Amino acid sequence: MILISLFWLVSVGLVVTAGAGTVVAYELCRRYVLGKDAGPWAVATKAWRQSWKQATVVGLLAVLVAAVGIVTLSYLPTLGLAEVLVPLLVVGLFLLLLVFWCLPLVARFTNPTWRQVRNGLTLGLTTPSLTFLLGIAALVGGVAIWNFMPAVFVVPGLILVWWCYLLERFFVDRGYVRPEPEEAEV
């Protein structure tokens with residue numbers, strides 16, 4: 001968890017690599033959740049090669065949404081919380097949808113970029129229970145990191161692994177992917 005958290009935070013911190021880093025982190029978590037024991041380096045390089053272009057485009061879109069959120073937040077002292085709260089919630093929702101719905105779709109499926117974004121936004125908005133649950137997890141994780149700074153080394157990775165588990169279950173239950181075959185015991 002610590003390595004995934006550190007890798008993910010560094011990739012997000014570099015801004016341009018935020019999308020590709022999230023896709024690689026998601027794919028590492030997916031392999032962990034599915035119990036695949038491929039080497040992390042092999043999984044990361046394969047995920048990078050397959051989807052870095054789409055992930056970078058979606059990641060830059062997320063950066064633009066985050067920039068809108070920062071500009072909106074800058075109006076807080078002059079307009080007050082009542083005028084800024086709803087736009088901030090909308091920006092936060094779209095950022096959540098882009099990072100936790102669209103980028104995992106880029107990692108998991110091969111579609112054109114516009115379709116990945118459309119499908120991610122559609123899935124995120126039509127399954128409000130999962131999106132709301134993720135929002136709560138992100139909020140609790142943010143509070144945990146704010147109050148106990150060493151949690152930054154573990155909390156992002158834990159949220160990502162948990163979200164990956166939920167998404168894999170969601171994709172299999174809805175029939176978007178076939179369940180991974182159980183390996184026969186010898």
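How many residues of domain 1 are in contact with how many residues of domain 2? I looked this up and got 16 residues of domain 1 against 16 residues of domain 2, with contact meaning heavy atoms within 4.5 Å.

Some ground rules I noted. This is a predicted model, where local features need pLDDT of at least 70 and side-chain atom pairs count only at pLDDT 80 or more, while totals for chains, interfaces and linings use all residues. Residues are numbered from 1 along each chain as its sequence is written, and side-chain values use heavy atoms, leaving out hydrogens and water.

Next, the domains. I found domain 1 at 14-122 and domain 2 at 127-175; these bounds come from an automatic or database domain assignment. Their C-alpha centres lie 13 Å apart.

Then I checked the buried area (the accessible area, with a 1.4 Å probe, that two parts lose on being put together, summed over both). Between the two domains, about 1400 Å² is buried, and carbon and sulfur atoms give 83% of that. On the domain 1 side, Y26, F100 and W101 supply 44% of the area buried against domain 2, more than any other three residues.

I also looked for salt bridges (a side-chain nitrogen of Lys or Arg within 4 Å of a carboxyl oxygen of Asp or Glu). I got zero between domain 1 and domain 2.

Last, which elements give two or more residues to the side of domain 1 that touches domain 2? They are α2 (18-34) and α5 (81-108), helices being DSSP runs of H or I with at least four residues, numbered from the N terminus. α5 gives the most, with eight residues.
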